[in-house]
Amino acid sequence: MTAGHTAIVTGANHGIGAATARALARRGCAVLCTFLRVGDPADPGTPQAYRDHRAQDVAAVVARIRENGGRAAAVEADLSDPATPALLFDTVEEQLGPADILVNNATGWLADTFAPTLADRLGRSLQPVTATTWTRQFTVDAMGAALMISEVARRHIARQATWGRIIGLTSGGDLGFPEEVSYGAAKAAQVNYTMSAALELAPFGVTANMVHPPVTDTGWITTPSGSTLPPAPRSSTSPAPTRSQR
């Protein structure tokens with residue numbers, strides 16, 4: 001179904017984004033892998049493996065796709081910059097062809113709270129909700145995702161295309177997201193944007209869906225002894241943590 005199509009996958013340097021890029025490529029899709037290296041401060045509640053994954057580039061993902069005969073390109077770009085969506089779509093058109101699949105996977109994740117506490121149940125440092133924490137989260141998960149949807153829609157309609165796919169990633173939290181309150185609120189905004197796109201773009205052959213993965217091994221989940229789980233994706237019914245980390 002994806003053979004002959006072109007995708008943009010954001011946050012493709014590790015975790016769910018990297019796995020998605022590779023999966024699309026295996027099915028014959030050309031993939032633009034976008035990423036932003038993040039240098040997380042040391043934190044007793046955040047596994048080193050997860051910090052390492054977030055700080056790496058996308059070279060290994062692109063190399064794997066090409067070694068297996070696929071087509072891939074990479075761009076490091078900050079989705080909190082409103083100019084980024086046009087840059088990404090210009091790049092993919094120049095290198096791989098017009099994008100008709102968009103995977104909004106990247107997140108500006110951070111842990112913030114309304115409560116007067118310095119750490120959560122996992123030992124991660126918490127910040128109070130401020131304009132800074134709100135801006136970092138909403139400019140990526142809400143604004144960035146919305147502008148990417150707007151850009152793919154505009155170009156799709158302009159070239160009179162008849163097939164398109166938009167996929168967003170969420171971690172749920174419809175009734176609130178304690179200790180990650182800006183993350184939960186930004187994801188709620190992204191869900192609303194995506195569902196609006198599903199209704200508005202259906203007449204143009206575009207479907208839009210939000211995906212809520214189970215708890216997923218991206219270097220974030222650890223065993224009770226503190227060592228990271230094997231790299232193959234797996235799900236868990238453990239109550240903590242209750243969301244996937246991209």
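The axes of helices α4 and α5 come within 9 Å and cross at roughly 45 degrees, where an axis is a line fitted to C-alpha atoms, for helices over the stretch in contact, and angles run from 0 to 180 degrees between N-to-C directions. This angle makes α4 oblique to α5; angles under 35 degrees count as roughly parallel, over 145 as roughly antiparallel, 65 to 115 as roughly perpendicular and the rest as oblique. The two helices meet through Pro85, Ala86, Leu88, Phe89, Asp90 and Glu93 of α4 and Leu147, Met148, Glu151, Val152 and Arg155 of α5, contact meaning heavy atoms within 4.5 Å. By class, the residues of this contact are seven nonpolar, no polar and four charged. Here Ala, Val, Leu, Ile, Met, Phe, Trp, Tyr, Cys and Pro count as nonpolar, Asp, Glu, Lys and Arg as charged, and the others, Gly among them, as polar.

The model is predicted, so local features need pLDDT of at least 70 and side-chain atom pairs count only at pLDDT 80 or more, while totals for chains, interfaces and linings use all residues. Residues are numbered from 1 along each chain as its sequence is written, and side-chain values use heavy atoms, with hydrogens and water left out.

The chain as a whole contains six helices and eight strands. Helices (H or I, at least four residues) and strands (E, at least two) are DSSP runs, numbered from the N terminus. Read from the N terminus, the order of elements is β-α-β-α-α-β-α-β-β-β-α-β-α-β. Of the 246 residues in the chain, 50% are buried; buried means under 20% relative accessible area, exposed over 50%, and partly exposed in between, with a 1.4 Å probe and protein chains only. The accessible surface of the chain is about 11500 Å², and carbon and sulfur atoms account for 58% of that area. These areas come from the Shrake-Rupley method with a 1.4 Å probe, and for residues only the protein chains shown count as cover. Among contacts in the chain with a separation of 6 or more, 71% join residues 24 or more positions apart.

Helix α5 has a further partner. The axes of α5 (residues 131–158) and α6 (residues 181–201) come within 8 Å and cross at roughly 15 degrees. The two helices are therefore roughly parallel to each other, and α5 passes α6 in a right-handed crossing. Their contact involves, among others, Trp134, Phe138, Asp141 and Ala142 of α5 and Tyr183, Ala186, Lys187 and Tyr193 of α6. Its residues comprise 15 nonpolar, five polar and two charged.

Which residues does alanine 186 touch, leaving aside its neighbours within four places in sequence? They are Gln137, Phe138, Asp141 and Ala142. Alanine 186 belongs to helix α6 and is buried, with a relative accessible area of 0%. Although alanine 186 and aspartate 141 are 45 residues apart along the chain, their C-alpha atoms are separated by 5.6 Å.

Ala18, Ala21, Arg22 and Ala25 in α1 meet Val61, Arg64 and Ile65 in α3. This contact of α1 with α3 has five nonpolar, no polar and two charged residues.

Alanine 83 lies between β3 (72–76) and α4 (84–95) and is partly exposed, with a relative accessible area of 49%. Alanine 83 and glycine 144 are 61 residues apart in sequence, and their C-alpha atoms are 9.8 Å apart in space. Glutamine 160 occupies the loop between α5 and β7 (164–169) and counts as exposed at 69% relative accessibility. The phi angle of glutamine 160 is positive, at about 60 degrees, although the residue is not a glycine. Glutamate 179, in the loop between β7 and α6, is a residue other than glycine with a positive phi, near 70 degrees.

Key
Left-handed = near helix turned anticlockwise from the far one by under 90°.
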